[in-house]
Amino acid sequence: MVHRGAKAADADGAGSSGAVLASDAAAANLARLPRAVLLPLGVWMALCGGTLYAFSAFEVELMSRCHLSVRKLDAVYAAGQIGVGLGIVPGLLYDRFGAMAGCTYALVLMFAGNAG
């Protein structure tokens with residue numbers, strides 16, 4: 001499948017020299033950002049992604065402050081694990097169908113999560 005904005009492959013199967021895929025354009029835009037911007041963004045991503053792995057360090061305090069039973073705390077942890085495990089799905093949707101499909105997936109899941 002060819003992304004929007006990309007030229008179709010030639011008859012011999014090789015892409016034309018002017019073909020620019022959406023992922024290449026995004027990578028080029030990201031490469032233009034200064035490292036002083038990229039470093040804090042990378043640290044922020046590591047901190048957000050790593051909190052699930054540090055769950056055992058703050059689960060007792062979370063239980064006491066939020067008045068959670070062990071069963072409810074397990075549900076919170078399981079939801080985090082599911083979120084991490086399904087994190088690849090929007091990327092696959094984006095690669096195959098474009099940004100609108102990935103954003104729609106995120107909208108539906110966020111709505112479902114907030115609806116309870």
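In this predicted model, Phe-55 and Phe-58 both belong to helix α3, where they sit three residues apart, or about one turn of the helix. Phe-55 is buried, since its relative accessible area of 8% falls under the 20% that sets the limit for this class, whereas Phe-58, at 33% relative accessibility, counts as partly exposed. The ring of Phe-55 also meets that of Tyr-77: their centres are 5.1 Å apart and their planes stand at 45°, so this pair is tilted. This second pairing links distant parts of the chain, as Phe-55 lies in helix α3 and Tyr-77 in helix α4, 22 residues apart. Tyr-77 itself is partly exposed, with a relative accessible area of 33%.

How many aromatic pairs does a search of the whole structure find? The search gives two. Between Phe-55 and Phe-58 the arrangement is edge-to-face, with 5.5 Å from centre to centre and 70° between the planes. Taken together, the ring pairs join Phe-55, Phe-58 and Tyr-77 into a cluster.

Helix α3, which covers residues 55-66, also holds Glu-61 and Arg-65. These two residues form a salt bridge in which the closest N and O atoms are 3.0 Å apart, and the count of salt bridges in the model comes to one. Why are the two partners separated by about one helical turn? Glu-61 and Arg-65 are four residues apart in helix α3, and therefore about one helical turn lies between them.

His-67 has a positive phi of about 55°, although it is not a glycine. With a relative accessibility of 69%, His-67 counts as exposed, because this value is over the 50% cut-off.

Turning to the surface, one finds a nonpolar patch formed by Leu-39, Val-43, Trp-44, Met-45 and Leu-47, which together have about 600 Å² of accessible area. One of these residues, Leu-39, is found in helix α2, which runs over residues 35-50, and Leu-39 is exposed, with a relative accessible area of 60%.

The helices discussed so far belong to a protein that has six helices and zero strands, and that reads along the sequence as α-α-α-α-α-α. Buried residues make up 6% of the 116 residues. The accessible surface of the protein comes to about 9,200 Å², of which 68% belongs to carbon and sulfur atoms. Of the contacts with a separation of 6 or more, 25% are between residues 24 or more positions apart.

Finally, the confidence of the prediction should be kept in view when reading these details. The mean pLDDT of the protein is 75, and 75% of its residues reach 70 or more. Over residues 5-19, however, the pLDDT is below 50, and in the model this stretch has 12 contacts beyond near neighbours in sequence.

Conventions:
Residues numbered from 1 in each chain as written. Predicted model: local features only at pLDDT ≥ 70, side-chain atom pairs only at ≥ 80, totals over all residues. Heavy atoms only, no water. pLDDT = per-residue confidence, 0-100. Contact = heavy atoms within 4.5 Å. Salt bridge = Lys/Arg side-chain N within 4 Å of Asp/Glu carboxyl O. Helix = DSSP H or I, 4+ residues; strand = E, 2+ residues; numbered from the N terminus. Patch = residues over 30% accessible without salt bridge, like charges linked within 9 Å, V, L, I, M, F, W, Y side chains within 5 Å. Areas by Shrake-Rupley, 256 points an atom, 1.4 Å probe, with all protein chains shown as cover. Buried < 20%, exposed > 50% of the residue type's maximum accessible area, 1.4 Å probe, protein only. Phe/Tyr/Trp six-rings, centres within 6.5 Å; stacked < 30°, edge-to-face > 60°.
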